[in-house]
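Trainee: Could you walk me through this one before I set anything up?

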Amino acid sequence: MTQTDLEAAGVDSFLSCEAKQQPIWPDADALRRATDRLREVPPLVFAGEADVLREQLAAAGRGEAFVLQGGDCAEIFSDATADRIRNKIKTILQMAVVLTYGASTPIIKIGRMAGQYAKPRSSNDETRDGVTLPAYRGDIVNSSAFTLESRTPDPQRLLDAYHVSAATLNLIRAFTTGGFADLRSVHSWNQGFAANPAYAKYERTASEIDRAVRFMAAAGGDFDALKTVELFSSHEALLLDYERALTRIDSRSGLAYDCSAHFLWIGERTRDLDGAHVEFMSKIHNPIGVKLGPTTKPADALALAARLNPDNIPGRLTFVARMGADNVREVLPSLVEAVRDAGVVVTWMSDPMHGNTFTSESGYKTRKFDTILDEVAGFFEVHRAAGTVPGGIHVELTGDDVTEVMGGTEEIDDEGLARRYETKVDPRLNHQQSLEMAFKVSELLSQR
Ligand code: PEP
Ligand code: CO
């Protein structure tokens, strides 16, 4: 692979388009040194793995699988510890077992992990008590502490992001293939959850799953195959300097892949048709997503599909609807119907988080558990009415016992948010809320 091959593949065409949400790097030489180095480092994922995921996402689009994508709004370098990574993987695997039962199809597991370090912001600056500093744009750019030194974009952080991603992925690969993910252990963790009096309402489903697992074992089910799972990595492809520098030519096909993660998505704020993000993503061959907010028009969705998946390849393009519970039943039908009627192949997912954020009376950025569930329910209703497939959910969660989202059986209220509110950006479902959500979505899936 040479940079000349990449240029021949046209991956630099985005440079002549407007790139929104990029940091203002104060030192151009330091930026060049960092990206030059990133152009030489080993890829984090392989093109062949991205191809496997594309096939699986295609199956989800047909209703033969269901996607669970989850993780932090913004990963923090200092949170990349064995305990926290394990808790997050554990939560995703626990949810996946419950969803498998409801869906009766494979659950495709994708972490918002090992690279989710860049955040779009509503303003370039932040002012506190008369002091204005650059906004926090995620650990790949600057640090959240409100000092000039911390907030100044530092290109060394691009290299740090690569190394922390590599360490995180290494642990993900170890946990998912080294015995930790054995279906029987994951299932026994869930039984503990449902046996807790607070969650006893899920005990029946948990014991049904238990019978299914015991039946498989008794029938001589191949538990070797159930000892390992695949957990793919993903993040928002926001910072184009980083994504371009990790793009490689696949030696088998000669095609360009962004090897920073298996799955990459374009955010709601950067999905302009003529913008640099859409242009760049049109040139890489990973499976990709686009977030669609409540202002999206059917023509926008069709134009994005034409630009990003002109050959209509199944699994290449996922639309992630993040409408808000109040809008999903009004706005989503026309998009789903337009896509369906045009014969455009996409996998539809629901992000029930980003349209439902508000500030609580005590001043915390939060979401309500019931509202989140209502958006997912609306997403399923819309697809049922259109005869199309609800293919997955995209959620912000953590494996820890934080208090950032209100409600759930634990009934976290405004006062409760203060107990353990840790997120630097958006509020995440905690471990219990994540499992509770899995049980609820499992019910929706069983009626799909
Ligand atoms: C996110 O996923 O954290 C995010 C910023 O979402 P959106 O682009 O949908 O607002
Ligand atoms: Co977020």
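Mentor: What follows is a short talk about the ligand site and the cysteines.

Mentor: This is a predicted model, where local features need pLDDT of at least 70, side-chain atom pairs count only at pLDDT 80 or more, and totals for chains, interfaces and linings use all residues. Residues are numbered from 1 along each chain as its sequence is written, and side-chain values use heavy atoms, with hydrogens and water left out.

Trainee: Which polar side-chain atom lies 2.8 Å from an oxygen atom of ligand 1?

Mentor: That atom belongs to Arg112, while a side-chain N or O atom of His354 is 2.9 Å from a ligand 1 oxygen, and for Glu268 a backbone N or O atom lies 2.9 Å from an oxygen of ligand 1. The protein covers 97% of the 300 Å² of accessible area (Shrake-Rupley method, 1.4 Å probe) that ligand 1 has on its own.

Trainee: How does the shell around ligand 1 divide?

Mentor: It splits into 3 nonpolar, 2 polar and 7 charged residues, and Lys119, Trp265 and Gly267 are among them.

Trainee: Switching topic, how many disulfides does the structure hold?

Mentor: There are 0 disulfides, meaning pairs of cysteine sulfur atoms within 2.5 Å.

Trainee: And is Cys259 buried or exposed?

Mentor: Cys259 counts as buried because its relative accessibility is 5%, whereas Cys17, at 21%, counts as partly exposed (buried is under 20% relative accessible area, exposed over 50%, partly exposed in between, with a 1.4 Å probe and protein chains only).

Notes. Chains are lettered from A and ligands numbered from 1 in the order in which they are written. A residue is near a molecule or strand if one of its heavy atoms lies within 4 Å of it. A polar contact is a pair of N or O atoms within 3.5 Å; within protein, one must be able to donate a hydrogen and the other to accept it, and residues adjacent in sequence count only if both atoms are side-chain atoms. Ala, Val, Leu, Ile, Met, Phe, Trp, Tyr, Cys and Pro count as nonpolar, Asp, Glu, Lys and Arg as charged, and the others, Gly among them, as polar.
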